[in-house]
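Please view the sequence and the model, then read the points below.

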Amino acid sequence: MYSYDDFDEAFVRARVATFREQVARRIDGSLTEEEFRPIRLMNGLYLQLHAYMLRVAIPYGTINPVQMRQLAMIAERWDKGYGHFTTRQNIQFNWPELRDVPDILDALADVGMHAIQTSGNCVRNVTADHFAGAAGDEIEDPRPTAELIRQWSTDHPEFLYLPRKFKIAVTGSPNDRAVTRAHDIGLRMLRDADGAPGYEVIVGGGLGRTPMIGKVIRPFLPKAELLPYLEAVLQVYNLLGRRDNKYKARIKILVHETGIDEVREMVEAAFVLKKEAFPGADPDLVAAIEAAFAPPRFIEGLMYAPLKGKARVWATTNTAAHRHPDYAIVTVSLKAVGATPGDATAQQMRVMADLAERFGHGELRVSHEQNVILPHVHRAHLAEVHEALLEAGLGAANVGLLSDIIACPGMDYCALATARSIPVAQEIAAHFEAREREIGPFKIKISGCINACGHHHVAHVGILGLDRAGVENYQITLGGDATESAAIGERPGHGFPAEALIPALDRLVQRYLELRRDPSEPFIDAFRRLGMTPFRDALYPDGGTRDAA
Amino acid sequence: MSVIVTDQGFGPETRIAAFLTLDELRQSETAGHALDLAPDADPEALAPFLDRLALIRIAFPAFSDGRGFSIASRLRLLGYRGRLRARGHVLADQYGHARRAGFDEVEIDAILAARQPEEQWLRRANWQDGDYRARLRQKPAAA
């Protein structure tokens with residue numbers, strides 16, 4: 001994986017020094033609170049319900065054991081002993097004190113990490129397939145592209161005061177595990193008819209209040225032209241994106257209101273100018289970045305026996321096929337029933353770091369589904385890995401099953417929330433745990449407000465927590481999809497008060513079990529085959545489909 | 001009283017020409033003029049007249065409105081070689097970005113200059129350091 005050179009190192013150190021100075025200038029009044037706010041945000045510091053929240057960047061979700069241990073130390077020293085892995089492959093600390101933040105940033109810089117541009121109206125953390133470099137279905141590893149975009153977008157002078165945030169995701173596999181179609185720019189790596197590498201460029205995807213699937217702006221962009229093309233898109237957006245209304249300021253609104261054809265025309269015209277002045281990265285530099293992501297030296301000729309008992313059961317959900325036949329991709333579930341989805345204690349972080357070091361070729365990933373991945377584990381080591389995970393409370397064998405729920409922090413943490421999401425996730429997980437293997441693959445995602453940080457729009461069953469006259473009310477959506485067959489979930493009818501939610505989900509699951517062809521047809525396929533009607537009827541047996549006012 | 005900020009710090013106004021309107025610019029047949037641009041200006045409209053301009057001043061009504069950075073970039077891409085000035089609510093923290101985006105100088109009012117005195121701007125005069133975008137164009141250092 002990429003490691004910092006002198007330039008990167010000098011940059012993060014200077015950045016921390018600058019932020020210390022900016023905090024001092026905020027205190028002495030040189031900077032007003034309004035002026036300090038985007039500076040604070042572009043250094044990852046949010047103000048939330050109870051405290052500041054620091055969002056640390058984990059570029060394209062890739063992290064090594066030294067870095068993971070440092071996060072554990074930070075959690076213990078400056079926070080309450082845990083961190084939260086997010087739907088954009090970052091980690092959040094919920095309780096830092098403002099005066100400690102420059103020291104935390106220094107501790108991050110010590111291990112080649114930072115919190116730069118994880119918030120603010122700028123290009124955010126570039127996310128990528130969490131199975132990159134390990135999955136067998138990959139055309140090309142997306143991470144060198146993500147690293148290139150990270151460098152290009154860091155402190156980019158033109159694009160730090162955009163109309164709104166800007167999110168880019170990259171997939172190197174036709175099986176899109178990076179939710180690219182719900183990003184401001186989504187890049188899908190592919191080859192043209194002559195085998196030359198390039199990207200399909202999608203623009204204007206996004207969730208939140210007005211969920212939209214992105215549109216193809218360029219079906220094939222040659223690989224070397226990526227950066228000037230991104231500059232063209234960003235420039236058009238920066239100039240023309242709406243600045244009058246925060247909720248209409250994303251590029252998806254510009255595409256929706258102007259039309260993809262006209263936006264494409266403007267981008268292609270800007271691209272001609274940009275390409276001339278800024279042809280992109282030096283090819284030798286690109287090659288050096290790609291070399292940093294060379295695969296590890298896999299162990300050859302090591303025998304292994306099939307797994308037995310609990311380990312075998314765990315492996316059916318928590319391992320995925322690796323490009324090397326003797327290896328597996330391990331997903332460590334951070335969704336233990338009863339725990340907070342996506343959270344890990346400092347001790348658990350150390351366990352994962354140790355496992356990566358001993359059995360994982362020194363690599364870990366964070367997935368947008370709030371789990372941690374060990375991408376390269378030899379099958380001979382799976383039993384031992386499983387044993388260690390079990391002991392650390394990380395052995396939940398539920399990846400992709402009903403209790404593997406994505407939930408935003410919700411009203412327990414977030415000032416924007418209209419409902420609590422974590423307790424709801426915990427209750428649902430506990431309720432269905434015993435039956436989840438029978439039920440099969442099932443993606444529930446919960447958002448505690450309309451901003452959709454839980455990605456509920458692209459869940460098989462999405463749950464949106466709202467406030468109706470002071471009471472929490474949960475709106476269900478069905479049939480969402482975060483993959484290459486991306487779809488926004490549909491609303492079958494009115495929302496449910498908290499106590500009616502689980503009975504409603506029970507009816508939904510029961511109906512699915514009755515109607516599925518056989519256990520190999522997952523819920524989402526049955527939904528696509530049968531349509532909304534039987535599931536709507538199950539949710540509203542008394543026909544109560546009136547819209548929530 | 002305005003303050004003009006450059007890499008050398010605070011200085012007085014150095015412009016000689018009066019600011020024209022776009023119509024006046026179109027009708028003029030001489031060079032060396034100055035022009036004010038609002039943040040919603042279309043840089044393309046200026047393309048035929050760039051050689052008549054010595055100074056283009058782009059407004060920043062709010063520091064959070066970053067359109068001026070793209071207008072500056074676009075003008076440079078269109079071949080403008082005269083002076084570019086960012087004027088208005090521009091913070092010392094944005095000085096380096098302004099220079100890298102193609103601006104030559106920043107114009108602020110006396111109130112902002114008092115609140116963000118010269119040394120805060122001079123600390124950003126090293127705007128060529130830590131420039132990732134420029135670094136991408138270079139060959140990697142020999143191992």
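Helix 1 (residues 6–27) of chain A packs against helix 4 (residues 101–109) of chain A at an angle of about 180°, and their axes lie 10 Å apart. Helix 1 of chain A is therefore roughly antiparallel to helix 4 of chain A, a term for angles over 145 degrees. The model is predicted: local features need pLDDT of at least 70, side-chain atom pairs count only at pLDDT 80 or more, and totals for chains, interfaces and linings use all residues. Residues are numbered from 1 along each chain as its sequence is written, while chains are lettered from A and ligands numbered from 1 in the order in which they are written.

**The helix pair**
- Helices (H or I, at least four residues) and strands (E, at least two) are DSSP runs, numbered from the N terminus.
- Axes are lines fitted to C-alpha atoms, for helices over the stretch in contact, and angles run from 0 to 180 degrees between N-to-C directions.
- Helix 1 of chain A contributes A:Val12, A:Arg13, A:Val16, A:Phe19, A:Arg20 and A:Val23 to the contact, and helix 4 of chain A contributes A:Pro102, A:Leu105, A:Asp106 and A:Ala109.
- Two residues are in contact if their C-beta atoms, placed from the backbone, lie within 7 Å.

**The five-stranded sheet**
- Chain A holds an open sheet of five strands in the order 6-7-8-9-10, with mixed pairing; two strands pair if DSSP finds at least two bridges between them.
- Strand 6 (127–128) and strand 10 (215–222) of chain A are at the edges with a single partner strand each, so one side of each has no neighbour in the sheet.
- Strand 7 (residues 168–171) and strand 8 (residues 185–191) of chain A pair in the parallel sense over four bridges, and A:Ala169 stands opposite A:Gly186 in strand 8 of chain A.
- Helix 5 (residues 143–153) of chain A packs on the sheet and touches strand 6, strand 7 and strand 8 of chain A.
- Helix 6 (residues 226–240) of chain A also packs on the sheet, touching strand 8, strand 9 (197–203) and strand 10 of chain A.

**Chain A as a whole**
- The secondary structure of chain A comprises 17 helices and 20 strands.
- The C-alpha trace of chain A spans about 60 × 60 × 55 Å along its principal axes.

**The contact between the chains**
- Chain B gives 27 residues to the contact and chain A gives 31 residues.
- Helix 2 of chain B supplies the largest share of the side of chain B that touches chain A, six residues.

Notes:
Parallel < 35°, antiparallel > 145°, perpendicular 65-115°, else oblique.
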